[in-house]
Amino acid sequence: LSFEVITLIENMKKNVPATGEKKVETRSRGKIIVFNDFSSQPQRLIKNTRFASTDGLIFKIESSIIVPGQTKKGADTIPGSIEVDVVADEVGEKYNISLMDFTIPGFKGDPRYEKFYARSKTEMTGGASGIIKTASILDIELARKEITATLRERLKTKAKEQVPSSFVLFDTAFFTDFASISGVEDSDVSITATANAIIIPKQLLSSHLAAEYINDYRGEGITSGTLDKLILTPDPKEGAPYKTGVFPFTLSGTTTLVYKVDTDKLKDDLVGIPENFVSEIYKNYPGIETAKTVLVPEWKSSLPENKD
């Protein structure tokens, strides 16, 4: 059997109240731009080189860097520069500072002190020390479960609304993957769900069932309005048919198959046929269980020559 896939994506976010407490010891972080206005030669700064803010707070680089040398642009000299991450020397909120300039204390007493400097690229944030209010792990986990359940049902409803009338979607042919955008302890729990619904053509599935269970079935048009009452059980070894294109499953239950009579072909076969031969035509249509022919006026002995 062939199948098609309906894919839907939706995000949901929920704020979890801060009912718990935890001790934090974090260092402020941010980005600075280091300038070399000393010479045209690059300058290596080793790991843990210190940068002092205008109010004396120390930040360090966590790996060595090479600051490019000066360049010339016409008569102007352009300082070499490089962007780098820095971390506060100590934990605490006092290191959460706004944009400012920095010096390199290690160059103090050296001609380079005035010519090597840095400026904030971002504010320094994240420093904290002490007990803070936070969402409890239990509340966060409950929020995650609630969000995933809501997203699954919401996407399943949307998928069913998009299923064409000629296809069937079984509840067990609906697959949902979840990706958490928020951290483990974030009070704002944000989850994105990606749903893939496997839909199967009703005509194709009905014909397959007819071929399996109706002895005299010869490929005639057939359908069922109760296919969704059957129980579809995916093979547990095949977890993502929407990726692999392979969907093994077991189907069980009871459904009613209904023949679709090709009325245009039937009309063609009946044109001009004598009344006493009409029953033989009906026998060529397994989808017709019973039929009655009425001729008007009654003295007519054959069907009209005009198909209309």
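**Exercise 1.** Classify Tyr217 as buried or exposed.

*Solution.* Take the cut-offs: buried means under 20% relative accessible area, exposed over 50%, partly exposed in between (1.4 Å probe, protein chains only). Tyr217 has 13% relative accessibility, so Tyr217 counts as buried.

The model is predicted: local features need pLDDT of at least 70, side-chain atom pairs count only at pLDDT 80 or more, and totals for chains, interfaces and linings use all residues. Residues are numbered from 1 along each chain as its sequence is written, and side-chain values use heavy atoms, without hydrogens and water.

**Exercise 2.** Find the aromatic pairs, then describe Phe59 with Phe102.

*Solution.* Rings of Phe, Tyr and Trp (its six-membered ring) pair if their centres lie within 6.5 Å; planes under 30 degrees apart count as stacked, over 60 as edge-to-face and the rest as tilted. The whole structure holds 10 aromatic pairs. In one of them, the centres of Phe59 and Phe102 are 6.0 Å apart and the planes stand at 90°, which is edge-to-face. Next, locate both: Phe59 sits in strand E5 (residues 58-61) and Phe102 in strand E10 (residues 101-103), 43 residues apart. Strands (E, at least two residues) and helices (H or I, at least four) are DSSP runs, numbered from the N terminus. Finally, check burial. Phe59 is buried at 0%. Phe102 is buried at 2%.

**Exercise 3.** Name the geometry of Tyr217 with Tyr259.

*Solution.* The ring centres are 6.4 Å apart and the planes lie at 50°, so this pair is tilted. Tyr217 is in the loop between H2 and E15, and Tyr259 is in strand E18 (residues 258-259), so the pair ties together parts 42 residues apart in sequence. Tyr259 is partly exposed, at 22%.
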